[in-house]
Amino acid sequence: MVQRQLSPPFDFDDLLEIMQRLRTPETGCSWDLEQCFETIAPYTIEEAYEVSDAISRGDMTDLADELGDLLLQVVFHAQIAKDEGHFSIADVTQAISEKMIRRHPHIFGTEHNRSATEQTRAWEEIKAAERAGKANQDDSALSGVATALPALMRSEKLQKRAARTGFDWTDPQDIFLKLEEEIGEVKDAIDEADSKHIEEELGDLLFVAVNLARRLEVDPETALRQANDKFERRFRAMEQIAPDGPGGFAQLDLDAQEDLWQTVKRKERSSESSE
């Protein structure tokens with residue numbers, strides 16, 4: 001079979017053909033032919049994070065590139081599914097189009113226009129109805145929360161689902177009391193020198209911290225990412241201003257390192273206040 005010559009500008013159909021050629025037995029790429037859903041899934045997750053990173057950096061050129069990498073993952077999964085006789089990319093676009101139209105009756109139907117708050121509530125109601133209509137459905141309010149989500153994100157989603165049933169603190173101050181309780185239980189576990197118990201209690205502490213973030217309308221994943229970025233920025237700044245000598249920053253004792261940390265913090269705050 002004679003294959004057409006691919007040349008720019010490329011469109012979505014070209015991308016589909018590229019992936020099909022890569023997965024064609026005998027003439028395709030050996031690596032692409034060896035892949036399956038399970039081996040590709042980690043790359044899909046990684047590409048989604050790289051999209052998020054480009055957005056956080058405000059790099060639109062990089063964002064376009066990363067969105068292409070993420071789109072490739074969708075096409076890759078669809079091609080594997082087609083090769084195995086499950087579904088095609090046409091089924092993917094059909095399903096998502098139907099879903100978006102179904103979930104926006106105020107745009108594509110006869111319902112009145114909604115505020116953002118009304119739309120969020122209606123969206124969740126429609127999703128709940130969709131879950132209830134599936135065969136072998138899980139009737140739990142927590143059904144459908146993917147286990148592969150990052151732990152902080154999954155924790156928040158589980159708590160939101162539970163809150164819709166009324167299982168939630170009514171006063172945010174109660175969460176602070178629960179945090180204090182969980183910190184005490186972590187200390188008790190440490191005193192017991194039981195590593196599994198320590199792990200369990202630290203998990204409970206993080207779960208309550210996520211609950212507090214949710215009640216304060218703070219995305220815990222974003223908050224922790226920003227904390228990571230701040231720590232990295234300050235640590236690198238300490239390394240830069242540390243006295244020269246063998247070992248550099250690492251050869252300083254903890255008190256000297258703490259002094260540098262406080263110096264960096266003061267410089268940051270002074271810079272922020274002058275802006």
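A pocket, on a 1 Å grid over the protein atoms alone, is an open set of points where a 1.4 Å probe fits, with protein on both sides within 12 Å along at least five of seven lines, and its lining residues have an atom within 4 Å of a point. Colleagues, the model before you is predicted: local features need pLDDT of at least 70, side-chain atom pairs count only at pLDDT 80 or more, and totals for linings use all residues. Residues are numbered from 1 along each chain, and side-chain values use heavy atoms, without hydrogens or water.

I begin with the second largest pocket. Its lining includes Gln159, Phe167, Trp169, Asp204 and Arg214. Helix H10 (195-215) contributes the most to this lining, with five residues; helices here are DSSP runs of H or I, at least four residues long, numbered from the N terminus.

I turn now to the aromatic rings. Rings of Phe, Tyr and Trp (its six-membered ring) pair if their centres lie within 6.5 Å; planes under 30 degrees apart are stacked, over 60 edge-to-face, and the rest tilted. The count is five aromatic pairs. Trp31 belongs to helix H2 and Tyr43 to helix H3, twelve residues apart.

What is the arrangement of the rings of Phe231 and Trp261? Their planes stand at 40° with centres 5.8 Å apart, so the pair is tilted. Phe231 lies in helix H11 and Trp261 in helix H12. Trp261 is buried (under 20% relative accessible area), at 18%. Finally, Phe231, Phe235, Phe249 and Trp261 form one aromatic cluster.

Note on methods. Helix = DSSP H or I, 4+ residues; strand = E, 2+ residues; numbered from the N terminus. Buried < 20%, exposed > 50% of the residue type's maximum accessible area, 1.4 Å probe, protein only.
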